[in-house]
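Colleague: Could you take me through this model? I would like to begin with the helices.

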Amino acid sequence: MGAIFWAVSASVFAILEIIIPGLVTIWLALAALVVTVFAGLINNAYIEFFIFAVLSLIFILFTRPVLQNYLKKKIKHDFNSNMTGSEIKIEKVVNSDKAKKEYEVKFKGSIWTGISEEFFKVGDMVRIKSFEGNKIVLERK
């Protein structure tokens, strides 16, 4: 097949990863790049394709899950760590009859639903404890 074929294949796979991000075609691009380097030494299309297939399988099976877990943890951790502990003001008491009382709080220019087991009054300054879905769990500061 030759080094030019594998270089073009690596480029096509890399472009596809940019267009359709999914952490799959990047590993194919990497495998094609490795085969490009060794294509001049091998000179056998079947062996080149076999090396490409094995490298692609190894990269996808072993590297992709590790990188996906890293990216998921990084995104989730950054979101919570930036907001947890921030002080916000109670704008409105929505429901104080339930075990988890509901409030409207203004945070970063948006109205959020806040919940807490404690009772707060309008105007109280509270702290963000954590998040439950799209609701802010509040605590006394």
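Predicted model: local features only at pLDDT ≥ 70, side-chain atom pairs only at ≥ 80, totals over all residues.

Colleague: At what angle do the axes of H1 and H2 cross?

Modeller: The axes of H1 (residues 3-19) and H2 (residues 25-42) cross at roughly 165° and come within 8 Å. Axes are lines fitted to C-alpha atoms over the stretch in contact, with angles from 0 to 180 degrees between N-to-C directions. Helices are DSSP runs (H or I, at least four residues), and strands are runs of E of at least two. H1 is therefore roughly antiparallel to H2, a term for angles over 145 degrees.

Colleague: Which residues of H1 make the contact?

Modeller: Those of H1 include Trp6, Phe13 and Glu17, and their partners in H2 include Ile26, Leu33 and Val35; contact means heavy atoms within 4.5 Å.

Colleague: How many aromatic pairs are there?

Modeller: The count is seven, taking rings of Phe, Tyr and Trp (its six-membered ring) with centres within 6.5 Å. The Phe13 and Phe52 rings have centres 6.1 Å apart and planes at 10°, so they are stacked, which requires planes under 30 degrees apart. Phe13 lies in H1 and Phe52 in H3 (residues 45-83), so the pair ties together parts 39 residues apart in sequence.

Colleague: Which residues does UniProt list as "transmembrane region"?

Modeller: The unreviewed UniProt entry lists residues 12-39 and 45-67; such annotations may be inferred rather than shown by experiment. Residues 12-39 are 82% helix, and residues 45-67 are 100% helix.

Technical notes: Residues numbered from 1 in each chain as written. Heavy atoms only, no water. Parallel < 35°, antiparallel > 145°, perpendicular 65-115°, else oblique. Phe/Tyr/Trp six-rings, centres within 6.5 Å; stacked < 30°, edge-to-face > 60°.
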